[in-house]
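Thanks for coming. Have a look at the sequence and the structure on the screen, and I will go through the parts one at a time.

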Amino acid sequence: MPYADNEKNKECKRKCRQRNREYKRDIKIQMFKEHGCGGTLTEPCRWQGDVPPVALHFDHIKEKGEKKSDISRMSNHAIETVKKEIDKCELVCANCHSIRTEQRRLRKLIEEQKNENKKIN
């Protein structure tokens with residue numbers, strides 16, 4: 001519940017954002033140590049060695065559940081809500097995330113073209 005004092009509200013929100021930022025950084029480090037980078041959809045990651053947390057992204061996996069929000073935009077959410085969203089993700093480096101996104105876009109485009117061709121024939 002919000003405080004009547006505007007300054008207390010600002011301070012509470014600042015602490016919440018900081019707590020979530022630290023939590024996401026820590027969970028990235030832990031997940032990377034345990035699993036490494038998930039790689040692209042077709043091949044393993046080419047990155048060698050440690051990846052700084054800032055270069056690691058949470059990639060939502062459709063099969064693990066519907067995406068409710070971008071984790072990077074969940075700074076004012078409860079930790080439990082952030083944890084639930086992270087559970088729907090795989091940790092990948094920024095390069096692999098970009099490649100995965102493009103691969104998914106191309107797969108969707110190819111699938112749409114196939115469906116159009118079926119309608120025509």
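Predicted model: local features only at pLDDT ≥ 70, side-chain atom pairs only at ≥ 80, totals over all residues.

I will start with the strands. Strand E1, residues 56-60, and strand E2, residues 89-93, are antiparallel, with five bridges joining them. Two strands count as paired here if DSSP finds at least two bridges between them.

Residues are numbered from 1 along each chain as its sequence is written, and side-chain values use heavy atoms, with hydrogens and water left out.

Are the strands buried or exposed? E1 is mostly covered, with four of its five residues buried. For E2, four of the five residues are buried, so E2 is largely enclosed by the rest of the structure. Buried means under 20% relative accessible area, exposed means over 50%, and partly exposed is in between, using a 1.4 Å probe and protein chains only. Over the protein chain, buried residues make up 28% of the 121 residues.

Now the chain as a whole. It has three helices and two strands, in the order α-β-α-β-α from the N terminus. The radius of gyration is 19 Å, well over the 14 Å that the globule rule gives for 121 residues, so the chain is more spread out than a compact globule. That radius is taken over C-alpha atoms, and the rule is 2.2 Å times the number of residues to the power 0.38. The C-alpha trace spans about 65 × 40 × 20 Å along its principal axes. Helices (H or I, at least four residues) and strands (E, at least two) are DSSP runs, numbered from the N terminus.

Next, the helix packing. Helix H1, residues 6-35, packs against helix H2, residues 79-86, at an angle of about 30°, and their axes are 11 Å apart. Which residues make the contact? From H1 they are Arg19, Asn20, Tyr23, Lys24, Ile27 and Met31, and from H2 they are Ile79, Val82, Lys83 and Ile86. Contact means heavy atoms within 4.5 Å. Sorted by class, there are six nonpolar, one polar and three charged residues in this contact.

Last, two loop residues. Arg46 sits in the loop between H1 and E1 and is exposed, with a relative accessible area of 66%. Its C-alpha atom is separated by 17 Å from that of Thr101, 55 residues apart along the chain. Lys68 is in the loop between E1 and H2, and Lys68 is also exposed, at 64% relative accessible area. Leaving out residues up to four places away in sequence, Lys68 touches Glu85 and Lys88. The C-alpha atoms of Lys68 and Glu85 are separated by 7.3 Å, with the two residues 17 apart along the chain.

Notes
Axes fitted to C-alpha atoms, helices over the stretch in contact; angles between N-to-C directions. Nonpolar A, V, L, I, M, F, W, Y, C, P; charged D, E, K, R; others polar.
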